[in-house]
Amino acid sequence: MQKIEFFKHNIDEEDISRVTSVLKSIFLTNANVTKEFEEKFATYLDATHCVAVSSCTAALHLSLLALGIKDGDEVITTPMSFVATSNAILHAGAIPVFVDIEESTGNIDFTLIEAAITPKTKAIMPVHLYGNMCDMKAIKKIANKHKLKIIEDAAHCIEGERDGVRVGELGDVACFSFYATKNITSGEGGAITTNNDEVAKLLYQLRLHGINKDASSRYTDKFAHWDMKVLGWKYNISDIQSALLIGQLEKIEDRLSKREEIARYYEVALNKLGVEYIKVPENTKSARHLFIIKIKNRDKVVSKLQSNGIGVAVNYRAIHILNYYKNSFSFQDSDFPIAKKFGDEVLSLPLYTKLELSQLAYIISNLAKI
Ligand SMILES: *Cc1c(COP(=O)(O)O)cnc(C)c1O
């Protein structure tokens with residue numbers, strides 16, 4: 001029996017030596033290395049600003065605050081995501097309003113958005129699930145018509161593009177995750193990109209208590225009093241984490257090609273087996289974050305694969321069937337039937353650069369047996 005992890009990071013010696021030099025420097029937290037990462041990340045995404053923070057959850061929360069979303073406002077989002085998406089809306093005091101998803105991609109069904117808009121609606125929070133972007137041109141049209149903000153949850157989709165549109169290009173902000181299993185990782189971490197100068201300025205303050213000076217300049221510049229004008233949070237990232245990200249960002253496209261190859265291997269093999277999987281939509285460059293098959297008796301298949309040494313995951317069961325959401329909003333399973341069914345059938349196969357051909361063959365032969 002082989003043992004195949006669900007995920008393995010690809011931190012190399014160069015990344016480790018970058019971290020070592022931060023550890024040997026004076027200032028461990030948010031300073032020059034974070035600035036360097038922010039500049040490089042913004043450049044990679046063709047964005048004007050990047051604000052690095054402690055997680056994507058923090059990024060989503062601060063984005064809502066910076067865009068003026070307040071208590072009781074409604075934010076339209078998808079029930080097919082990690083709970084961080086809708087939890088961040090709750091953290092901001094707002095109400096997540098779910099609309100159902102497209103069966104083919106699992107992304108929010110933009111044709112259902114307008115019917116969910118009320119006078120309280122202030123924003124749309126689409127999630128680019130598994131690395132495949134939502135139809136941002138269609139979502140932008142709706143947002144313009146109803147004067148709504150767009151916050152892109154791009155935790156799965158740093159590298160993505162669709163219809164010539166990059167992630168973050170049409171949204172007011174885009175939020176990214178550097179959690180342990182994401183395409184680039186610092187264990188924990190996140191970032192926000194935006195082309196709006198005012199929003200960026202506010203985000204830089206909100207990530208550190210709302211004060212008007214960052215941590216390093218408080219210590220390294222000549223003494224000067226700082227002030228606090230708004231109530232912010234303690235959401236900054238550290239230079240130790242940023243040091244891990246810089247090298248991975250440089251290699252991001254090479255590593256995407258490797259994951260693309262693996263995904264294509266799966267696609268060919270699954271076509272032969274007649275197993276359904278999530279396909280990349282037309283005119284889309286997928287970030288290939290997760291490879292998803294759809295299968296009946298999913299939980300049985302999960303335990304069979306696991307007992308044969310293959311790490312798998314479920315991304316995700318629909319959010320509206322989780323107890324907290326069910327109880328708080330009196331949701332029925334049937335309220336978002338496509339998301340419910342989708343969440344009962346999806347299974348994530350291993351997808352990372354260190355996967356070897358013999359491991360892929362083992363995974364496929366086990367699926368074939370099942
Ligand atoms: C991982 C993830 C998040 C949360 O990211 P953190 O950095 O762990 O806060 C948010 N949304 C989606 C879709 C995710 O997969």
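This is a predicted model: local features need pLDDT of at least 70, side-chain atom pairs count only at pLDDT 80 or more; totals for chains, interfaces and linings use all residues.
**Exercise 1. Describe the largest pocket and its lining.**

Step 1. Start with volume. The largest pocket holds about 480 Å³ of space.
Step 2. Find the lining. It has 28 residues, and F82, Y179, T181, K182 and Y316 lie nearest the pocket's centre.
Step 3. Sort the lining by class. There are 14 nonpolar, 11 polar and three charged residues.
Step 4. Trace where the residues come from. Domain 1 (13-250) and domain 2 (253-369) each give at least three. Helices α3 (56-66) and α4 (84-91) each supply at least two.

**Exercise 2. Work out where the largest cavity lies relative to the domains.**

Step 1. Count the cavities. The whole structure has two of 30 Å³ or more.
Step 2. Take the largest cavity. About 120 Å³ of space lies in it. Its lining has 13 residues, with F7, N10, N183, R259 and T353 closest to the centre.
Step 3. Check the domains. Domain 1 (13-250) and domain 2 (253-369) both contribute to this lining, so the largest cavity lies between them.

**Exercise 3. Decide whether helix α9 is largely enclosed, and test its span.**

Step 1. Helix α9 (residues 239-250) has 12 residues, so at 1.5 Å a residue it should span 16 Å. Its end C-alpha atoms are 17 Å apart, which agrees.
Step 2. Apply the burial cut-off, under 20% relative accessible area. In α9, 10 of the 12 residues are buried, so the helix is largely enclosed by the rest of the structure. Among them are L244, L245 and I246.
Step 3. Name the neighbours. The buried residues of α9 pack against α1 (13-23), α2 (32-45) and α10 (252-273).

Methods. Residues are numbered from 1 along each chain as its sequence is written. Side-chain values use heavy atoms; hydrogens and water are left out. On a 1 Å grid over the protein atoms alone, a cavity is a set of points where a 1.4 Å probe fits but cannot get out, and a pocket is an open set with protein on both sides within 12 Å along at least five of seven lines; lining residues have an atom within 4 Å of a point. Grid points are joined across faces, edges and corners, and a volume is the space filled by probe spheres set on the points. Helices (H or I, at least four residues) and strands (E, at least two) are DSSP runs, numbered from the N terminus. Ala, Val, Leu, Ile, Met, Phe, Trp, Tyr, Cys and Pro count as nonpolar, Asp, Glu, Lys and Arg as charged, and the others, Gly among them, as polar. Domain bounds come from an automatic or database domain assignment. The expected span of a helix is 1.5 Å times one less than its number of residues. Buried means under 20% relative accessible area, exposed over 50%, partly exposed in between (1.4 Å probe, protein chains only). Contact means heavy atoms within 4.5 Å.
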